[in-house]
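Please read the report below alongside the sequence and the model.

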Amino acid sequence: MPHPLITKEDINTYARDGVVLIRGLFADHVEALRAGVAQNMAHPGPYAAENLHKHESGRFFDDYCNWDRIDAFSEVIRSSAVAEVAADLMQSRRVQLFHDHVLVKEPGTSKPTPWHQDAPYYFVEGEQTISFWSPLDPVTEATLRCVAGSHRWPKPVLPTRWLAETDFYPDSEAYIPVPDPDAEGMDIREFQMAPGDAVAFHYRVLHGARGNDASTRRRAFSLRLLGDDARYVARPGPTSPPFPGHDMQPGQRLRADWFPVLLDRDAAA
């Protein structure tokens, strides 16, 4: 039986569409995550970025790979139901941590998060991958948007740099151009969400987020996890996150001393 927070239909929806809403996944951990985000913004890590040009209004902050220095993030990752839910949705026996990601749009930040797939930025591939995007403030307009079924597209979408708007890798021939899902009439899923709800989506799902024209901020905590078949792959340039010095070879599982195993149902059996 799946975890009580999800149903068999949720599992089927995730497999078919690559995206599904999970109500209340982090509902008991919202205050802890808010405290973690505050600590993260007060003490940014080496990958922190401000994603607006000087002439653009508001503030769009993001940072990742901070779970091992921000105790609130580590505690929520290990004490919440996220690993169990991830295993059920991915239909995986094993769940491994890839990284965390914080995104904050202050009031009046009109800039949207550009459409992109996560997978081309990462040095990992597999059918069993999953991201969770959880708002820590009520979300009606500044919401995540996912294109259903895009994880099944035959070629990946070209990764770009959000601020510079340049291609991420030199070999753009291997990718399709970034589409305009609104103009092209694609099946876009977006949800009104309470703090602690979470959108689960595959690494290859095309997604973006609206700007925040509201009078309140929009803080979001994201978590990237891996399943049984996820393996290291070489990319044609530095990845994001880069994880320098990892020493992994193509075809290997990610090293567990850097990317902890959160759940192993075979070992627990």
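## Valine 261 and its contacts

Leaving aside neighbours within four places in sequence, valine 261 is in contact with Arg94, Val95, Gln96 and Ala256, where contact means heavy atoms within 4.5 Å. Valine 261 belongs to strand β14, residues 261-264; helices (H or I, at least four residues) and strands (E, at least two) are DSSP runs, numbered from the N terminus. The C-alpha atoms of valine 261 and leucine 97 are separated by 6.3 Å, although the two residues are 164 residues apart along the chain. With a relative accessible area of 30%, valine 261 is partly exposed, a class that lies between buried (under 20% relative accessible area) and exposed (over 50%), calculated with a 1.4 Å probe on protein chains only.

The model is predicted, and local features need pLDDT of at least 70, side-chain atom pairs count only at pLDDT 80 or more, and totals for chains, interfaces and linings use all residues. Residues are numbered from 1 along each chain as its sequence is written, and side-chain values use heavy atoms, with hydrogens and water left out.

## The chain as a whole

The secondary structure of the protein chain comes to five helices and 14 strands, and its C-alpha trace spans about 55 × 45 × 40 Å along the principal axes. The radius of gyration is 17 Å, which agrees with the value near 18 Å that a compact globule of 269 residues would have; this radius is taken over C-alpha atoms, and the globule rule is 2.2 Å times the number of residues to the power 0.38. Buried residues make up 56% of the 269 residues, and among contacts with a separation of 6 or more, 80% are between residues 24 or more positions apart.

Helix α2 (residues 30-42) packs against helix α3 (residues 71-79) at an angle of about 145°, with the axes 8 Å apart; axes are lines fitted to C-alpha atoms, for helices over the stretch in contact, and angles run from 0 to 180 degrees between N-to-C directions. In this contact, Ala32, Leu33, Gly36, Val37 and Asn40 of α2 meet Ala72, Phe73 and Val76 of α3. Asparagine 40, found in helix α2, is buried with a relative accessible area of 0%, and, not counting residues up to four places away in sequence, asparagine 40 touches Gly45, Phe61, Asp63, Asn66, Arg69, Ile70, Phe73 and Val102.

Helix α4 (residues 82-90) is mostly covered, since eight of its nine residues are buried, namely Val82, Ala83, Val85, Ala86, Ala87, Asp88, Leu89 and Met90. Glutamine 91, which follows α4, has a positive phi near 55°.

## Strand pairing

Strand β7 (residues 129-135) is largely enclosed by the rest of the structure, because seven of its seven residues are buried. Thr129, Ser131, Trp133 and Pro135 lie on one side of β7, and Ile130, Phe132 and Ser134 on the other, so that both faces are covered. β7 pairs in the antiparallel sense with strand β12 (residues 218-226) over seven bridges, and with strand β10 (residues 198-201) over three bridges, again antiparallel; two strands pair if DSSP finds at least two bridges between them. The bridge partner of threonine 129 in β12 is leucine 226, whereas tryptophan 133 has valine 199 in β10 as its bridge partner.

An open sheet of four strands, paired in the antiparallel sense, has the order β5-β11-β8-β9. Strands β5 (113-116) and β9 (188-190) stand at the edges with a single partner strand each, so one side of each is left without a neighbour in the sheet. Neighbouring strands of this sheet are turned by 20° against each other on average, direction ignored. Strand β8 (residues 144-147) and β9 pair over three bridges, with valine 147 standing opposite isoleucine 188 in β9.

## Backbone geometry in the loops

Most residues other than glycine have a negative phi, and most peptide bonds are trans. Serine 240 and proline 241 are joined by a cis peptide bond, with omega about 0°, and proline 241 lies in the loop between β13 (231-232) and β14. Phenylalanine 243, in the loop between β13 and β14, has a positive phi of about 45° although it is not a glycine, and phenylalanine 243 is buried with a relative accessible area of 12%.

Cysteine 65, located in the loop between β3 (60-64) and α3, has a positive phi of about 65°. Cysteine 65 is buried, with a relative accessible area of 16%.
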